[in-house]
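Let's walk through a protein chain together, one piece at a time.

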Amino acid sequence: MPSVFSSKMRFRNLSEAEILALAISSEEDDGRIYRNLAAKVQTEYPSTAAIFIDMAEEEDTHRQRLIEMFQARFGSDIPLIRRSHVAGFYDRKPEWLTSQLPISRMREIVAEMEFESRSFYEKAAARVTDAETRRLLGDLAAAEAGHEHRAGELAETHLTEEALGEENLQAHRQFILTWVQPGLAGLMDGSVSTLAPIFAAAFATGDTWNTFLVGLAASVGAGISMGFTEAASDDGAISGRGSPLKRGIASGVMTTLGGLGHALPYLIPDFWTATIIAVIVVFIELWSIAWIQNRFMETPFWRAAMQVVLGGGLVLAAGILIGSG
């Protein structure tokens, strides 16, 4: 029966046949989700993919038991009732979103799915009166509760210490390729390429507000350009660098932030106060870039410092000289 304020049904109003139908469709959905996740990670994380396949097979077993119970009690005509048809009922995260998450988060979501399924079966068992149906739902609740232990067994089977180490290394590598490299390139470009126009405008005009506008325009323009360039340069299919959308966002956002860092001080009306703060921000940005290169790209710190700080200092000096002339 639909609720008064919504076209969705309320769980407390479902008949026993509808509860079984909902359980069947839920098991079908979960089995499909596990298989899709397995297909998504098969190449890079084969051990985790094996776990997801085993979980999908268990969901198939549950679905078959539910179908047999429904046929025995209500016949072969199973109504299609999904989670989205029931008001207040838990729903799964969109598969496109789940498949984009880090592998560790995928494993956590699988555990959350099993917890939600257990909760559903416990509530469903409390609602039915038929002894056999109640026993089946109770058994499935116990099975879902035991899936955490089962997941541990599957992990021991498929996720050996060596396999887990390889998968974690692959996840770290993917994070570097997809987020850190494009973001670092954007931060370097935004921090360095905007120095000359911002400080040239500052020393040419002596006007802090117009200097801020120049810096804002340069930062946003550079961010858009870098974002589109990164996204269009490589679809990631061959290089394995990951989603071009993610890389484009990382590069574009960090480029804009890199330029805004030393443009924002020019919101201060006093020219020399704003300029001194901007110069301090510049050197903080440049040393931060050197640290990121050392931390994530394993570039020797002093080499990174010489490249970034020296290069940025020369660009800064060029901007000041051009503006002063």
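Helices (H or I, at least four residues) and strands (E, at least two) are DSSP runs, numbered from the N terminus. What you see is a predicted model, in which local features need pLDDT of at least 70 and side-chain atom pairs count only at pLDDT 80 or more, while totals for chains, interfaces and linings use all residues. Residues are numbered from 1 along each chain as its sequence is written, and side-chain values use heavy atoms, with hydrogens and water left out.

Start with the overall plan. The protein chain has twelve helices and two strands, and along the sequence they come in the pattern β-α-α-β-α-α-α-α-α-α-α-α-α-α. Of its 325 residues, 42% are buried, where buried means under 20% relative accessible area, exposed means over 50%, and partly exposed lies in between (1.4 Å probe, protein chains only). Contact here means heavy atoms within 4.5 Å. Among the contacts with a separation of 6 or more, 72% join residues 24 or more positions apart.

Next, look inside. A nonpolar core is a set of buried Ala, Val, Leu, Ile, Met, Phe, Trp, Tyr and Cys residues joined through side-chain atoms within 4.5 Å. The largest one has 26 residues, and those touching the most other members are Phe11, Leu22, Leu66, Phe120, Tyr121 and Leu137. Helix H1 (16-41), helix H2 (46-74), helix H4 (103-127) and helix H5 (131-145) are the elements that each give two or more residues to this core, and H1 gives the most, with seven. A second, separate core has 18 residues, Leu187, Ile198, Tyr266 and Ala278 among them.

Which residues is Leu66 in contact with, leaving aside its neighbours within four places in sequence? They are Leu20, Ala23, Ile24, Glu27, Tyr121, Leu136, Leu137 and Leu140.

Now move along to helix H8 (residues 195-205). Its buried residues are Leu195, Ile198, Phe199, Ala200, Ala201 and Ala202. After H8 comes Gly206, which has a positive phi, near 70 degrees.

Helix H9 (residues 208-233) and H8 have axes that come within 9 Å and cross at roughly 165 degrees. Axes are lines fitted to C-alpha atoms, for helices over the stretch in contact, and angles run from 0 to 180 degrees between N-to-C directions. Angles under 35 degrees count as roughly parallel, over 145 as roughly antiparallel, 65 to 115 as roughly perpendicular and the rest as oblique. H8 and H9 are therefore roughly antiparallel to each other. On the H8 side, the contact is made by Pro197, Ile198, Ala201, Ala202 and Thr205, and on the H9 side by Thr211, Val214 and Gly215.

H9 has another partner. Its axis and that of helix H10 (residues 244-260) come within 7 Å and cross at roughly 160 degrees, which makes H9 roughly antiparallel to H10. Residues making this contact include Leu216, Ser219 and Val220 of H9, and Pro244, Arg247 and Gly248 of H10.

One last stop: Ile176, in helix H7 (residues 161-193). Is Ile176 buried or exposed? Its relative accessibility is 9%, so Ile176 counts as buried. Ile176 and Arg241 lie 65 residues apart in sequence, and their C-alpha atoms are 8.7 Å apart in space.
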